[in-house]
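I opened the notebook to record what I looked up, entry by entry. The structure comes first.

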Amino acid sequence: MYAMTLDKPVLQDTIDQVAVAFSRLKGIKEGLAGTEAGIGIQFDEWDWEVGVGLYGFLRRALATDDRRAIDDLVDWYARQIERGLPSRQINSTAPMLPLAILIEHVDRPDFRALVEDWADWLVHKLPKTEDGGFQHVVKERLNDGELWDDTLFMAALFLARAGVVCRRPDWIDEAVYQFMVHTRYLSDPVTGLWYHGWTFNGRHNFARAFWARGNAWITVAIPELFELVPDLGMTDKRFLSNVLASQVRSLRKLQRPDGMFHTLLDDPTSPLETSATAGIAYGILRGADAGILDASDKVHAERALAAVLSRIDDEGVVRGVSDGTPMGHDLDFYRRIPNLPTPYGQALTMLLLTEVLLETEDRA
């Protein structure tokens with residue numbers, strides 16, 4: 001693995017640089033207070049980008065038993081809850097996934113109560129599409145009758161883990177059902193790749209775009225579900241394992257020799273996209289470790305890792321990340337989206353580098 005050639009301090013320094021740049025991009029602070037692990041939590045906003053970053057921080061803190069980092073997370077959530085959380089929708093659910101894991105390691109009844117209430121809201125109050133899918137409601141719009149591929153990472157994973165922690169098998173069943181219904185409408189049976197979205201209002205996949213970052217959320221979400229729900233049923237595991245393996249077979253063919261992926265996976269004229277490359281690499285590593293993917297697939301993660309590292313500048317900013325991407329109605333919409341530094345590009349890169357660091361520590 002490429003990470004074996006990276007010194008642990010170099011990896012840690014890179015994570016810190018990317019985290020500092022994350023903070024600057026959100027316009028909050030110029031730097032991060034250090035912890036013993038070298039990672040500080042000073043992202044003063046509750047949104048999906050922060051949720052992705054916090055998930056990586058928590059995974060590393062738990063793997064290394066870094067109590068100071070865990071305390072930092074507790075303090076961060078306490079501050080957010082005290083000042084009042086934003087309205088509930090799909091994207092604002094993302095920070096709930098780390099919280100659902102955190103409540104197993106700290107005695108905070110208020111955190112647990114929030115997890116239970118938010119999970120119940122997803123099941124009973126979040127608008128549903130036909131066939132009971134989680135409608136991709138965001139703060140900007142309701143997206144009536146629409147399924148989007150990033151819903152699984154942003155909301156279904158939280159519900160699944162909340163079901164485990166709170167001993168609510170009905171929540172686990174609902175989360176798994178969301179994987180099934182999204183697979184039905186978003187996964188292409190020919191390639192195994194995923195379309196960006198589906199609408200029941202017209203019954204179509206919009207531009208039929210194999211959007212790279214959307215596919216990355218799927219590459220990540222399936223292995224994460226397996227870890228978050230250790231007792232996942234064998235039929236569900238068999239089905240989702242094949243869904244992921246089918247997708248990765250196509251991703252292997254579409255990866256460039258330099259390790260990158262295009263914004264539209266099957267369109268070499270579309271821009272290269274670093275956040276998707278980071279997410280796909282992370283998902284492949286997690287899938288191989290879970291036994292879903294073959295160990296030989298890690299070669300593709302290695303190639304992607306090298307590409308991502310080459311796109312981190314001296315200030316820790318991840319370059320070559322496509323701007324926020326609402327649903328496109330033609331493929332040229334995706335081709336025209338500019339690349340620029342974004343918080344979610346930083347977050348997905350931190351998730352990948354944290355995973356690589358953990359693998360490096362495991363070998364030590």
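**Entry 1: A301.** I started with A301, which lies in helix α11 (residues 298-309). Helices here are DSSP runs of H or I with at least four residues, strands are E runs of at least two, and both are numbered from the N terminus. I noted that this is a predicted model, in which local features need pLDDT of at least 70, side-chain atom pairs count only at pLDDT 80 or more, and totals for chains, interfaces and linings use all residues. Residues are numbered from 1 along each chain as its sequence is written, and side-chain values use heavy atoms, with hydrogens and water left out.

Is A301 buried or exposed? A301 is buried, because its relative accessible area is 1%. Buried means under 20% relative accessible area, exposed means over 50%, and partly exposed is in between (1.4 Å probe, protein chains only). I then checked a distance. The C-alpha atoms of A301 and T129 are separated by 35 Å, and the two residues are 172 apart along the chain.

**Entry 2: T14.** I found T14 in helix α1 (residues 8-25). T14 counts as buried, because its relative accessibility is 13%. What does T14 touch, not counting residues up to four places away in sequence? I listed L309, I312 and L353. Contact means heavy atoms within 4.5 Å.

**Entry 3: the nonpolar cores.** A nonpolar core is a set of buried Ala, Val, Leu, Ile, Met, Phe, Trp, Tyr and Cys residues joined through side-chain atoms within 4.5 Å. The largest one has 114 residues, and L102 and F158 touch the most other members. Helix α6 (residues 151-165) gives the largest share of this core, 11 residues. I looked up L102 next. Leaving aside neighbours within four places in sequence, L102 is in contact with L58, I70, L73, V74, Y77 and F111. Another core, of eight residues, lies apart from the largest one; W148, F206, A209 and L264 are among its members.

**Entry 4: α7 and α9.** Two packed helices are described by the angle between their axes and the distance between the axes. Helix α7 (residues 169-186) packs with helix α9 (residues 234-254) at an angle of about 40 degrees, and their axes are 11 Å apart. That makes α7 oblique to α9. Axes are lines fitted to C-alpha atoms, for helices over the stretch in contact, and angles run from 0 to 180 degrees between N-to-C directions. Under 35 degrees counts as roughly parallel, over 145 as roughly antiparallel, 65 to 115 as roughly perpendicular, and the rest as oblique.

Which residues meet? From α7 I wrote down V176, F179, M180 and T183; from α9, D236, F239, L240 and V243.

**Entry 5: α2 and α8.** Helix α2 (residues 48-63) and helix α8 (residues 212-228) pack at about 45 degrees, with axes 15 Å apart. That makes α2 oblique to α8. W48, V52, Y55 and R59 in α2 meet W217, E224, E227 and L228 in α8.

**Entry 6: positive phi.** Most residues other than glycine have a negative phi. N143 is not a glycine, yet its phi is positive, about 50 degrees. N143 lies in the loop between α5 (109-124) and β1 (146-148). N143 counts as buried, because its relative accessibility is 7%. R167 has a positive phi too, about 55 degrees, and is not a glycine. R167 is in the loop between α6 and α7. R167 counts as exposed, at 75% relative accessibility.
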